[in-house]
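Notebook open, model loaded. I want to go through the fold first, then the core, then the charged pairs.

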Amino acid sequence: NDQQSQQQQQQQNPNNNGNGNGNGNNDDNKQNDQQQQSGQVQQPAQPQGPQYKYVWQWLENDGSWKPYDATTQLLLDQLGIGQKISIQAGKWTYDITKTSNDACSQLNTQTNKTRQSRRARVLIVPPSATQNNNNGNNN
């Protein structure tokens, strides 16, 4: 019976030499092949450079650029060139018309004053660089 089961195992797995161990390299080769095919071969860690995001901003009277709120950011991203949206900011209503993929014109509907808006690339600051060292307390 043992001889019969060994023969059956050998027929099912021709790399098996009958002692239950196979040729010893077959499993390793399969694992290496699977890793290469699935892209799991580990590469040395690459240092990451600075990371950026794009933010819609409007030009303030003092010459500084101020970011729109998150909802307006999404609306402007989805807006087609030549299309406009209306937003409310406090008592003011603004019509924002997209003039290019990276620029808009913002019109205050009450005062008819127009401002520039832009889509700017800004540096993402990692959280570790913005922490306050526990406010100076070393507990």
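**Sheet.** I started with the strands: 6 of them form an open sheet, in the order β2-β1-β6-β5-β4-β3, with antiparallel pairing. β2 (65-67) and β3 sit at the edges with a single partner strand each, so one side of each has no neighbour in the sheet. I also looked up the twist, which averages 40° from one strand to the next.

The average pLDDT for the protein is 78, and 59% of the residues score at least 70. Residues 14-24 fall below 50, and that stretch has 9 contacts in the model beyond near neighbours in sequence. Where pLDDT is low, the predicted coordinates should not be read in detail. I left that stretch alone.

**Strand pairs.** I followed β6 (residues 114-124) along both of its sides. With β1 (residues 51-59) it pairs in the antiparallel sense over 8 bridges, and Y54 stands opposite R121 of β6. β5 and β6 also run antiparallel, joined by 5 bridges. There I picked out A103, whose bridge partner in β6 is R118.

**The β5-β6 turn.** Which residue in this hairpin takes a positive phi? It is N112, with phi near 60°, in a hairpin that has 5 residues between the strands. I made a note of it because most residues other than glycine have a negative phi. N112 is in the loop between β5 and β6 and is exposed, at 57% relative accessible area.

Helix α3 (residues 70-78) lies across β1, β2, β3, β4, β5 (103-108) and β6, and runs at about 95° to β1. Then I listed the largest nonpolar core, which has 9 residues: W56, Y68, L76, L79, I85, I87, Y94, I96 and C104. I clicked on L76 to see what it touches: leaving out residues up to four places away in sequence, the list is W56, Y68, I85, I96, K98 and C104.

**Salt bridges.** How many salt bridges does the structure hold? I get 3, and I went through them one at a time.

- E60 and R115 have their closest N and O atoms 3.8 Å apart. The pair links distant parts of the chain, 55 residues apart, with E60 in the loop between β1 and β2 and R115 in strand β6. E60 is partly exposed at 23% relative accessibility, while R115 is buried at 17%.
- K84 and D95 meet through their side chains at 3.5 Å, N to O. K84 is in strand β3 and D95 in strand β4, so the pair ties together parts 11 residues apart in sequence. K84 counts as exposed at 52%, whereas D95 is buried at 13%.
- R119 and D102 come to 2.8 Å between their closest N and O atoms. R119 lies in strand β6 and D102 in the loop between β4 and β5, so parts 17 residues apart in sequence are tied together. Both count as partly exposed: R119 at 27% relative accessibility and D102 at 38%.

Note on methods. Residues numbered from 1 in each chain as written. Predicted model: local features only at pLDDT ≥ 70, side-chain atom pairs only at ≥ 80, totals over all residues. Heavy atoms only, no water. Core = buried A, V, L, I, M, F, W, Y, C linked by side-chain atoms within 4.5 Å. Buried < 20%, exposed > 50% of the residue type's maximum accessible area, 1.4 Å probe, protein only. Contact = heavy atoms within 4.5 Å. Pairing = 2+ DSSP bridges. Helix = DSSP H or I, 4+ residues; strand = E, 2+ residues; numbered from the N terminus. Axes fitted to C-alpha atoms, helices over the stretch in contact; angles between N-to-C directions. pLDDT = per-residue confidence, 0-100. Salt bridge = Lys/Arg side-chain N within 4 Å of Asp/Glu carboxyl O.
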